[in-house]
Amino acid sequence: MSGHQYFDDSSSAPSSPELQSTGSSSSLSSLQSQASPISPPLDNAVADSFVFAFDIDGVLVRGGKAIPEAIEAMKVLDGQNEYGVAIPHIFLTNGGGKTEEERCRDLSKQLERDIKVGQFICGHTPMREMAETYGTVLVIGGEGEKCRQVAEGYGFKDVVTPGDIIKHDAATTPFRKLTEQEHANSRERDFSEVTIDAVFVFADSRDWAGDIQIMLDVAMSKGGRLGTRSETCDEGPPFYFSHNDVVWSAAHEHVRLGMGALRRMFEVTFKDLTGGQGKLNTHAFGKPQVSTFEFASRLMTQWRNTEHGLVAPPSTVYFVGDTPESDIRGTNAVNEKADNDWYSILVKTGVYQEGTEPAYKPRVTVNNVLDAVNHGLHREMKKKGMTGLKQALLKTSEVTDHARSILDDECGIMV
């Protein structure tokens, strides 16, 4: 599949951001709620000069089931490798629609290991930093009430869903009727008294027609008041999308449409309805936005410190993904401005198709995530002069001061 078949953020409406940092200097305190308690010391040495970050769908999981090599790759990261070195790692997915805790439980079952909240980022996780910015927000996507629960868990004070709006006025979406359960879960609101300050698309929509209709109503309103229409169609609140992937790797043999397609349909329809005269204020989080990778870097700093006692930043961050237009593009973009080396690895188990030329070039392309982990591990060991140094020294219970000095200073390994 060629690169032009994916939505390029740079070709969207003028109000859509490019791949850039938000300029935010958010402190690590914003991540404290995600950090886990310090785990018992590992039996293995811990690599302190490099780390791994992983996309999930198409890299570790496909169709809700673990890719076989992913389970083996996790074992390698835990220290079951020829060097006996455990490697710190986090997970960075554009997926969402559930709390980080629930996503970690799901991934733990799939990968047959314990995944902790402190090493996990959903597409909407960075949005938690905006909870104090807006009062009333409309949250789109996901199953049932889960996205409302996520938003409220982040600290958003007043969360509205499409179900609330449809319950207030069933004529809002002619082709969608609430089920009994949806009607019961939706909240009674008098929307003549409600001003929507911002719209957050937390997860993929389960009803594109209905959700786009409501998003358009809000975008064309006077300052976020439903039922009103702006004469200039430039008074609507900002819209935030948790990611911008047009397609993603699911259980089907071919890729499926994702949130980027919803965003594109929304923007194009708005342009058609306003004759090109209206103005949207839309933003994307998730990959490939540099701000999301910077958030991931802050999370990694916190995780390495609480879990492994490491303070100095890693020299190399290996990012493993399956989508050139988000995973590889974002990794390469953050590498241009980061102080350390962000090394992009593309796997062939997801969106990428054999024989195609990706629009955004990875540093290396491998068959699967196990190959990716081994590639990074062997590259680091070779780079640090570890080729001939085997487990005998690393796994010795009584490591001499001299050996410890060699491992620490020359090989980037803390024993």
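Reader: Which side chain of opposite charge is nearest to Arg304, and how far away is it?

Author: Asp48, at 5.9 Å. Arg304 has no salt bridge, although it is buried. A salt bridge needs a side-chain nitrogen of Lys or Arg within 4 Å of a carboxyl oxygen of Asp or Glu. Lys and Arg are counted as positive, Asp and Glu as negative; His and the chain ends are left out. Buried means under 20% relative accessible area, exposed over 50%, and partly exposed in between (1.4 Å probe, protein chains only).

Reader: What kind of model is this, and how are its residues numbered?

Author: The model is predicted: local features need pLDDT of at least 70 and side-chain atom pairs pLDDT 80 or more, while totals for chains, interfaces and linings use all residues. Residues are numbered from 1 along each chain as its sequence is written, and side-chain values use heavy atoms, without hydrogens and water.

Reader: Where is Arg304, and what is it in contact with?

Author: Arg304 sits in helix α8, residues 290-308. Helices (H or I, at least four residues) and strands (E, at least two) are DSSP runs, numbered from the N terminus. Contact means heavy atoms within 4.5 Å. Leaving aside neighbours within four places in sequence, Arg304 contacts Asp48, Val51, Pro88, Gly309, Leu310, Ala312, Pro313 and Pro314.

Reader: Now the whole protein. How many helices and strands are there?

Author: Twelve helices and 18 strands. Of the 415 residues, 55% are buried. Take the contacts with a separation of 6 or more: residues 24 or more positions apart account for 72% of them. The protein exposes about 17800 Å², with 49% from carbon and sulfur atoms. That area comes from the Shrake-Rupley method with a 1.4 Å probe; for residues, only the protein chains shown count as cover.

Reader: On to the rings. How many aromatic pairs are there?

Author: First the idea. A pair of aromatic rings is described by the distance of the centres and the angle of the planes. Rings of Phe, Tyr and Trp (its six-membered ring) pair if their centres lie within 6.5 Å; planes under 30 degrees apart are stacked, over 60 edge-to-face, and the rest tilted. The count here is 16 aromatic pairs. Take Tyr240 and Phe285: their centres are 6.0 Å apart and their planes at 50°, so this pair is tilted. Tyr240 lies in strand β11 (239-241) and Phe285 in the loop between β14 (282-284) and α8, so the pair ties together parts 45 residues apart in sequence. Both Tyr240 and Phe285 are buried.

Reader: Why is the pair of Phe293 and Trp342 edge-to-face?

Author: Their ring planes meet at 80°, with centres 5.8 Å apart, so the pair is edge-to-face. Phe293 belongs to helix α8 and Trp342 to strand β16 (residues 341-347), 49 residues apart. Phe293 and Trp342 are both buried.

Reader: Which residues do ring pairs link into a cluster?

Author: Tyr134, Tyr154, Phe156, Phe200, Phe202, Tyr240 and Phe285. A charge can also sit over a ring: NZ of Lys or CZ of Arg must be within 6 Å of the ring centre and within 35 degrees of the ring normal. Arg189 lies over the face of Phe191 in this way, at 6.0 Å from the ring centre.

Reader: Is Ile90 buried or exposed?

Author: Buried, with a relative accessible area of 2%. Ile90 is in strand β6, residues 89-92. Beyond four places in sequence, Ile90 touches Phe52, Ala53, Phe54, Gln119, Ala296, Leu299, Met300 and Trp303. Its C-alpha atom is 8.2 Å from that of Gly118, 28 residues along the chain.

Reader: Which residues of helix α1 are buried, and what do they pack against?

Author: In α1 (residues 68-77), Ala70, Ile71, Ala73, Met74, Val76 and Leu77 are buried. The buried residues pack against β2 (50-54), β4 (65-66), β5 (85-86), β6, α2 (100-111) and α10 (369-383).

Reader: And how many residues of α9 are buried?

Author: Ten of the twelve in α9, residues 324-335. Among them are Glu325, Asp327 and Arg329. The buried residues of α9 pack against α8, β15 (316-321) and β16.

Reader: Last, backbone angles. What is the phi of Glu112?

Author: Most residues other than glycine have a negative phi. Glu112 has a positive one, near 60°. Glu112 lies in the loop between α2 and β7 (120-121) and is exposed, with a relative accessible area of 61%. Cys233 also has a positive phi, about 50°. Cys233 is in the loop between α6 (208-219) and β11, and is buried at 10% relative accessible area. Gly79, which follows α1, has a positive phi near 110°.
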